[in-house]
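Take a moment with the sequence and the model below. The report starts from one contact and widens step by step to the whole chain.

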Amino acid sequence: MSPIMEKRKEQIKKGTLNPMNDVLSCMLSLETESAENGDQEEPVTMNEVIDNFVAMMIASHDSSASVLTWVIWKLAKDREVYDNVVREQMSIVDTRKQRQPQGEGEADERLTWGDVAKMKYTWRVVQEVMRVIPPFFGSFRTAIKDTSYDGYDIPKGWKVVFWVAYATHMNDDIFNDPAKFDPSRFDSKSNIIPPYSYLPFGAGHHTCVGLEFSRVEALVVLHHIRIVTCESR
């Protein structure tokens, strides 16, 4: 990535590349402007640009692809879960057909926000897949200021913890019978999951900003793929 970034920085400096052309160029322009503007307290560094860009590549592409892969794998292996998902999705198709006025051709295949909101069981299946097979193994946390904890002095910038999703996802004090695949555990009416224990999207200030987008993305893909799976069955 470094040669690509250096080339783009040179193009931005010469004015041959618009800084608003794409996300990477925008971040590089911030790095360039910060370096040239000495009155900024915390300039954007190249390491920060690289870190953010790599995170965006992984979080916005690899995570969605891996989750959908495991969901489809689960549907192929578990007939009961598969049948329940198809039943829910086909009921949405039938509802959409009923909305279509008679004599106006084929039903509109476009999903509405209301359709997506009805995919409650399908989303619970996705949530359970992410519990059993987290899209991210874990992550580091860094002390943002000098602090003390339990008699230990922790300087600013130290890596103080590496949290692992499995530590809570497979903890039987938090999830009953964690080895069992059970989408109903995410039925908010009957189960309350403690804060900071279900972490496919992080938690607190570190909650993924793409959570809702990922939910809609997964549900829309699974809705349309149900045609292929129904025909193959």
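Start with a single pair of atoms. The backbone oxygen of P178 sits 2.7 Å from a polar atom in the side chain of R131. Bear in mind that this is a predicted model.

**Around R131**

Where does R131 lie? It belongs to helix 6. Is R131 buried or exposed? Its relative accessible area is 0%. That is under the 20% cut-off, so R131 counts as buried. Setting aside neighbours within four places in sequence, R131 is in contact with H169, M170, F175, P178, K180, R185, F186 and Y198.

**Helix 6**

Helix 6 has 13 residues. From its first C-alpha to its last, helix 6 reaches 19 Å, close to the expected 18 Å. Of its 13 residues, 11 are buried, so helix 6 is largely enclosed by the rest of the structure. The buried residues are Y121, T122, W123, R124, V125, V126, Q127, E128, V129, M130 and R131.

**The nonpolar cores**

The largest nonpolar core holds 25 residues. Which of them touch the most other members? They are V71, L75, V81, V126 and M130.

The largest share of the core comes from helix 6, with 6 residues. V126 shows some of the links. Not counting residues up to four places away in sequence, V126 touches V67, V71 and L222. Another core lies apart from the largest one. This other core has 9 residues, including I12, M27, L28 and M46.

**The whole chain**

Now step back. How many helices and strands does the protein have? There are 8 helices and 4 strands. From the N terminus, their order is α-α-α-α-α-α-β-β-β-β-α-α. The protein has 233 residues, and 32% of them are buried.

What about contacts along the chain? Take those with a separation of 6 or more: residues 24 or more positions apart account for 56% of them. The accessible surface comes to about 15500 Å². Carbon and sulfur atoms hold 56% of that surface.

Technical notes. Residues numbered from 1 in each chain as written. Predicted model: local features only at pLDDT ≥ 70, side-chain atom pairs only at ≥ 80, totals over all residues. Heavy atoms only, no water. Core = buried A, V, L, I, M, F, W, Y, C linked by side-chain atoms within 4.5 Å. Buried < 20%, exposed > 50% of the residue type's maximum accessible area, 1.4 Å probe, protein only. Helix = DSSP H or I, 4+ residues; strand = E, 2+ residues; numbered from the N terminus. Contact = heavy atoms within 4.5 Å. Expected span 1.5 Å × (residues − 1). Polar contact = N/O pair within 3.5 Å; in protein donor to acceptor, adjacent residues only side chain to side chain. Areas by Shrake-Rupley, 256 points an atom, 1.4 Å probe, with all protein chains shown as cover.
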